[in-house]
Every structure is written in C-alpha cells, then in structure tokens.
There are 2 protein chains.
Amino acid sequence: MKYKKHIFVCTNQRPEGARVCCGEQHGMALTAAFKKAVKDNGLLATVRAQRAGCFETCEQGPSVVVYPEGVFYGKVQLSDVDEIVQQHIMNNKVVERLKLDFSENKD
Amino acid sequence: MKYKKHIFVCTNQRPEGARVCCGEQHGMALTAAFKKAVKDNGLLATVRAQRAGCFETCEQGPSVVVYPEGVFYGKVQLSDVDEIVQQHIMNNKVVERLKLDFSENKD
C-alpha cells in the first residue's frame, strides 16, 4: 500500500443557506494543519493528508476519514488535529470521542 | 465501515507549465463518470465516488484510489470507468493493467 495512513479532509462548500456542510475555509485550514502535523512528526514518507470532496457526512462535519481503516471523524476542530495524528496515525488508537458511528451500515 | 468501497479521484490542477498533473477538467469528468456508474449499478448505499486533491502520483495520472484496499490506478480514462466499477468495485478483482505499483513502499 502506498500510504500506511491516508487522511482525507472534506473541503466541500455548499451554497449559502443550503444543507449544512463542512465548508471550504475550515476544511482547507484543517488540511493544512494535518499536513503540518504529518511533516512535523516525520511521517511524510508513509502518511498522506489531503483535501477531498463531500463524504455525505455533512450534518456531522467538519469531517475527516482515515484509510485503510475507514474511520470517520466528525466535528473536527483545529485543536483536534494533534490528538488524531499522535493517537490514531502514530499509535493506531482511534479517537473515540470524535469517531462517527454508522451502525446501520455495519456488515 | 461506512462504505464498502470508497473511490477517490484526483481533480488537482497545477499551474500551466508546472509539474505534470491529473488535471481538474479530466478529474471532474472522471468523478462524474464514476458517480454515474455507481448509481447505474445500484451501488449508492455502499459505494462512494468523489473528487479529491493530489495523491502525489501526478506523473502516473490521471489517478484514482480505491479504499479500503488502497489500490491506486493510473492513466485512467473515461473508457476505463465501467471496467473498474464492474471488475473491482462489484467483483473485488483489481484491474491489473491500470494498477500502480509502489514496490518501494511495500510493507
């Protein structure tokens, strides 16, 4: 696998007054914060953080998904980035307080 | 896991004359084609296709990655979409002729 962890951050922006969404401005700031944390922790060779479009988790955003685990995080703030990187990305421990539950879709 | 298959399509556009890249126009057309194929095959509940930023596979683009497998495809054309959806997404058989190899990063 190219990346041990691949972090996608929603940067989708819906029109003003439409369905609630993660938002481009916050998403781009989150993406930059994840990129910086990845770099600062010396993970550039094995971890990729990047922007993405809508995950269809809009109401629970701002949203982030980490693959290959497929763990979705919701209501992610800039202050959460270091915890996600240090706990999940570096130590494989999901940040339970931010994890989104999709029980209806579980196999 | 929210999605059984999550397809990300690079839609990154670098400035004219800069490093070769997947390109926004082709990426958005690919994204639309994947979305249509997902819908037409009745997969909307379990498969998500969407745009994303750069995967750092620019020289081998246009690029697509399918998670949770972490299989990257390169030089993907609109004419390849149905094959990827029907062979990989629906039948779990990687489309070897388009698969990118990152042997140096293998675990």
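**Notes on the predicted model**

1. B:Glu83 is partly exposed, with a relative accessible area of 28%, where buried stands for under 20% relative accessible area, exposed for over 50% and partly exposed for what lies in between (1.4 Å probe, protein chains only). B:Glu83 forms a salt bridge with B:Arg97, the closest N and O atoms lying 2.6 Å apart; by the rule used, a salt bridge is a side-chain nitrogen of Lys or Arg within 4 Å of a carboxyl oxygen of Asp or Glu. This pair links distant parts of the chain, since B:Glu83 lies in helix α2 (residues 81-89) of chain B and B:Arg97 in the segment after α2 of chain B, 14 residues apart. B:Arg97, at 53% relative accessibility, counts as exposed. Helices (H or I, at least four residues) and strands (E, at least two) are DSSP runs, numbered from the N terminus.

2. On the basis of the model: it is predicted, so that local features need pLDDT of at least 70 and side-chain atom pairs count only at pLDDT 80 or more, while totals for chains, interfaces and linings use all residues. Residues are numbered from 1 along each chain as its sequence is written, chains are lettered from A and ligands numbered from 1 in the order in which they are written, and side-chain values use heavy atoms, with hydrogens and water left out.

3. In chain A, A:Arg97 and A:Glu83 form a salt bridge with their closest N and O atoms 2.7 Å apart, and here too the pair links distant parts of the chain, A:Glu83 being in helix α2 (81-89) of chain A and A:Arg97 in the segment after it, 14 residues apart. A:Arg97 is exposed at 52% relative accessibility, whereas A:Glu83 is partly exposed at 29%. Salt bridges that share partners join A:Asp80, A:Glu83 and A:Arg97 into one network.

4. A further salt bridge joins the side chains of A:Lys36 and A:Asp40 (2.6 Å, N to O). These two residues are 4 residues apart in helix α1 (residues 24-40) of chain A, and therefore separated by about one helical turn; both A:Lys36 and A:Asp40 are exposed. Over all chains, a search of the whole structure finds 8 salt bridges.

5. A:Cys54 is buried, with a relative accessible area of 9%, and B:Cys58 is buried at 4%.

6. The contact between the chains (heavy atoms within 4.5 Å) takes 25 residues from chain A and 25 residues from chain B. The area buried between them is about 2,300 Å², of which carbon and sulfur atoms give 49%; buried area is the accessible area (1.4 Å probe) that two parts lose on being put together, summed over both. In chain A, A:Met1, A:Lys2 and A:Tyr67 lose the most area to chain B, together 28% of what that side buries. Across this interface the rule finds 0 salt bridges.
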